[in-house]
Amino acid sequence: MKTKFSVILALFAFCFANAQQDQVDSEMNSAKGITFQKGDMFLEGSIKISTGGDADYYGFSPKFGYLLNDKFAVGAKLNYSSNKVETTQVETNVFGVGAFARYYFLELDKKRFKTYAEVGLGYGRNKTDIPQVGSDTDNSLTADINVGLNYFVTKNIAVTFVLANVLAYNSVSPENGPSSDTFQLNINLFENIFDQPQFGVLYRF
């Protein structure tokens, strides 16, 4: 009798363990329980379009990231934007390249919701066309720190929100004219964190 009871108990434990593993596997195959691992990669990007006002603006910003572990990611980014002021017909086109490092520091909603801080460095080439005057080209160096989040709707796809720029530095060197440096620090970040959020999509693979 004792032997039969031991066999039944062992079978029950085995079935329970399998059921738990199936639940874990099912969780990982859904948008819940998402965890980053070393070697994971992602593509992320945002498109910004603003028309109908004083200016027409188009922007595209793709990124490629590589996870060094479950918290840290490094990667490269591109940036292209075009802004045309309707009243003056002045058009500015910007093309930039850069690198970034990202740290994920908070997970909520069964790890679907991941908050991060990101440091970025970039180089840009800006061309401004002024009607009846000509064009001017300048180079820029940028550095910034921002806060954002990813919300996974599937195990591979997440919606990205860049909430705020905590710190920004920009150095512009025109071909014709003096260079300029600007520095901005948002000390009231958390009083109005959703002031001008940027939206994008992330694909993990």
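Which side chain meets Lys114 in a salt bridge? The partner is Glu107, at 2.6 Å from N to O; a salt bridge here is a side-chain nitrogen of Lys or Arg within 4 Å of a carboxyl oxygen of Asp or Glu. That pair belongs to a predicted model, where local features need pLDDT of at least 70, side-chain atom pairs count only at pLDDT 80 or more, and totals for chains, interfaces and linings use all residues. Residues are numbered from 1 along each chain as its sequence is written, and side-chain values use heavy atoms, with hydrogens and water left out.

**The overall picture**

- You're looking at one helix and nine strands, with helices (H or I, at least four residues) and strands (E, at least two) taken as DSSP runs and numbered from the N terminus.
- Starting at the N terminus, the order is α-β-β-β-β-β-β-β-β-β.
- Of the 205 residues in the protein, 29% are buried; buried means under 20% relative accessible area, exposed over 50%, and partly exposed in between (1.4 Å probe, protein chains only).
- Among contacts with a separation of 6 or more, 55% come from residues 24 or more positions apart, a contact being heavy atoms within 4.5 Å.

- The average pLDDT (the predictor's confidence in each residue, from 0 to 100) is 79, and 77% of the residues score at least 70.
- Residues 1–17 stay under 50 in pLDDT, and the model gives them zero contacts beyond four places in sequence.
- Residues 189–195 also stay under 50, with six contacts beyond four places in sequence.

- Strand 4 and strand 5 run antiparallel and are joined by 17 bridges; two strands pair if DSSP finds at least two bridges between them.
- Val94 sits opposite Asn126 of strand 5.
- These two strands make a hairpin with four residues between them, and Asp109 in the turn has a positive phi of about 50 degrees.
- Lys111, in the loop between strand 4 and strand 5, isn't a glycine but has a positive phi of about 70 degrees.
- Strand 5 goes on to pair with strand 6 (residues 134–152), antiparallel again, over 18 bridges.
- Tyr116 has Gly148 in strand 6 as its bridge partner.
- The hairpin of strand 5 and strand 6 has three residues between the strands, and Gln132 there takes a positive phi near 65 degrees.
- Thr115 is in strand 5 (residues 113–130) and is buried at 9% relative accessible area.
- Beyond residues up to four places away in sequence, Thr115 touches Tyr103, Tyr104, Phe105, Leu106, Gly148 and Leu149.

**Salt bridges**

- The structure holds five salt bridges.
- Back to the opening pair: Lys114 is buried at 1% relative accessible area, while Glu107 is partly exposed at 31%.
- Asp40 and Arg204 form another, with their closest N and O atoms 3.5 Å apart.
- Asp40 lies in the loop between helix 1 (2–28) and strand 1 (41–50) and Arg204 in strand 9 (residues 198–204), so this pair ties together parts 164 residues apart in sequence.
- Asp40 is buried at 14% relative accessibility, and Arg204 is buried at 11%.
- Glu44 and Arg102 meet at 2.6 Å, N to O; Glu44 is in strand 1 and Arg102 in strand 4, so they tie together parts 58 residues apart in sequence.
- Glu44 is buried at 7% relative accessible area, and Arg102 is buried at 1%.
- A network of salt bridges links Glu44, Lys63, Arg102 and Glu118.
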